[in-house]
Amino acid sequence: MEAFISTYSQPSLLAKTAKPFLKWAGGKGQLIDTLVSLFPEGLLTGEINKYAEPFIGGGALFFYIAQHYPSIETYFISDVNQELVLAYKTIRENVEGLISVLASLEKDYHALSKVEQKTFFYQIRQAFNSQLWSINPNIYQNNWIERVAMLIFLNRTCFNGLFRVNSRGEFNVPFGDYKNPSICDAENLRSISNILQRTSIEFGDFTISRKFVDERTFVYFDPPYRPISNTASFTSYSKFDFGDDSQKRLAEYFHLLSVAGAKLMLSNSDPKNENPDDDFFETLYRPYRIERVEAYRMINCDSSKRGKIKELVILNY
């Protein structure tokens, strides 16, 4: 298990406010203020000194907490998406090497015509997918840098900034046709790297966080959302499905950590947006506090169905 590093410069000394380096479906940037209003009091009193996020995704809430709550000494983030874990670890271990490759990609891309950019995108996507089985996710190697650079490039230039894979784990989002996408934000990557110096980063199922969590830990769960309709499913951010059985297993784990004394927050979709009689989450989390908050549905092929929607925030305090 990786050591938890507790020494680094305080958030106030960061050169630039750290923000997510990837566009991510379901990212929590729009809900930060709402989630902060529901934080446990122990984050301010110092009673809580550890933070865990087992579905790290784009990391919007993680970066916010790391820069606003200096009482937190150590962090744990994990995900079942291998590409995400490689990215976070690479930024922690060799951010300057990553910046160098990204800057080169950005320069080459912006020097091309629109037609050439599209061809370049598909060449990078093909190269990214062809390397899928040649990467060892357990031991840092220099070839991680090129792979993570390609991941960030694809994320910044693909349609809607999605990360989506097929059943073989291959990235399959088409070209996005953006006018002038930013690909290399060097200062943001350096700020993120600074934060990650005191963060344990692991690849695996959400239960891998158990070894880190205790009664002084705040845990935020942001799993793949349960689809609110038969046509609204978007859980393909990894090659693993996250269906109702997984949601039930997560609820059992939520209860386990609650008994252990941790403070817990969990986000998910609200089935009652479509079916007022759907009590799936009320049944799973019956002993706990359930808040309904307003969010925006950003991903839908039908633009008329994008807009305000209710989401659930489930708390054990």
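**A quick briefing**

Let's start inside: Phe 254 counts as buried, because its relative accessibility is 0%. Keep in mind that this is a predicted model. The protein has 317 residues, and 52% of them count as buried.

**The big picture**

- The protein is built with 10 helices and seven strands.
- Take the contacts in the protein with a separation of 6 or more: residues 24 or more positions apart account for 77% of them.

**Two parallel strands**

- Strand β4 (residues 217-221) and strand β5 run parallel, and four bridges join them.
- Strand β5 (residues 263-269) is mostly covered, with six of its seven residues buried.

**Aromatic rings**

- How many aromatic pairs does a search of the whole structure find? The count is 26.
- One of these is the edge-to-face pair of Tyr 140 and Trp 144, with 5.2 Å centre to centre and 80 degrees between the planes.
- Is Tyr 285 buried or exposed? Tyr 285 is buried, because its relative accessible area is 0%.
- Phe 254 and Tyr 285 also belong to a cluster linked by ring pairs, along with Phe 55, Phe 206, Phe 221, Phe 242, Tyr 253 and Tyr 288.

**Charges over rings**

- Arg 226 has its charged end over the ring of Phe 280, 3.9 Å from the ring's centre.
- Lys 23 lies over the face of Tyr 178, and here the distance to the ring centre is 4.6 Å.

- You'll find Arg 289 in strand β6.
- Arg 289 counts as partly exposed because its relative accessible area is 34%.
- Which residues does Arg 289 contact, leaving aside its neighbours within four places in sequence? They are Leu 38, Val 313, Ile 314, Leu 315 and Tyr 317.
- Arg 289 and Ile 314 are 25 residues apart along the chain, yet their C-alpha atoms are separated by 5.7 Å.
- There's a side-chain partner too: Arg 289 makes a polar contact with the side chain of Glu 291, at 2.9 Å.

- What does the side chain of Thr 157 reach at 2.7 Å? That would be the backbone oxygen of Phe 153.
- Setting aside neighbours within four places in sequence, Thr 157 is in contact with Tyr 109, Phe 121, Phe 175, Gly 176, Asp 177, Tyr 178, Pro 181 and Ile 183.
- Asn 129 sits in helix α6 (residues 114-130).
- Asn 129 is at 18% relative accessibility, so this residue counts as buried; the cut-off is under 20%.
- Not counting residues up to four places away in sequence, Asn 129 touches Glu 170 and Phe 171.

- As background, most residues other than glycine have a negative phi.
- Asn 160 is not a glycine, yet has a positive phi of about 60 degrees.
- Asp 177 is not a glycine either, and has a positive phi of about 60 degrees.
- Where are they? Asn 160 lies in the loop between α7 and α8 (186-196), and Asp 177 has its place in the loop between α7 and α8.
- Asn 160 counts as partly exposed because its relative accessibility is 35%.
- Asp 177 is partly exposed because its relative accessible area is 46%.

Methods. Residues numbered from 1 in each chain as written. Predicted model: local features only at pLDDT ≥ 70, side-chain atom pairs only at ≥ 80, totals over all residues. Heavy atoms only, no water. Buried < 20%, exposed > 50% of the residue type's maximum accessible area, 1.4 Å probe, protein only. Pairing = 2+ DSSP bridges. Phe/Tyr/Trp six-rings, centres within 6.5 Å; stacked < 30°, edge-to-face > 60°. Lys NZ or Arg CZ within 6 Å of the ring centre and 35° of its normal. Contact = heavy atoms within 4.5 Å. Polar contact = N/O pair within 3.5 Å; in protein donor to acceptor, adjacent residues only side chain to side chain.
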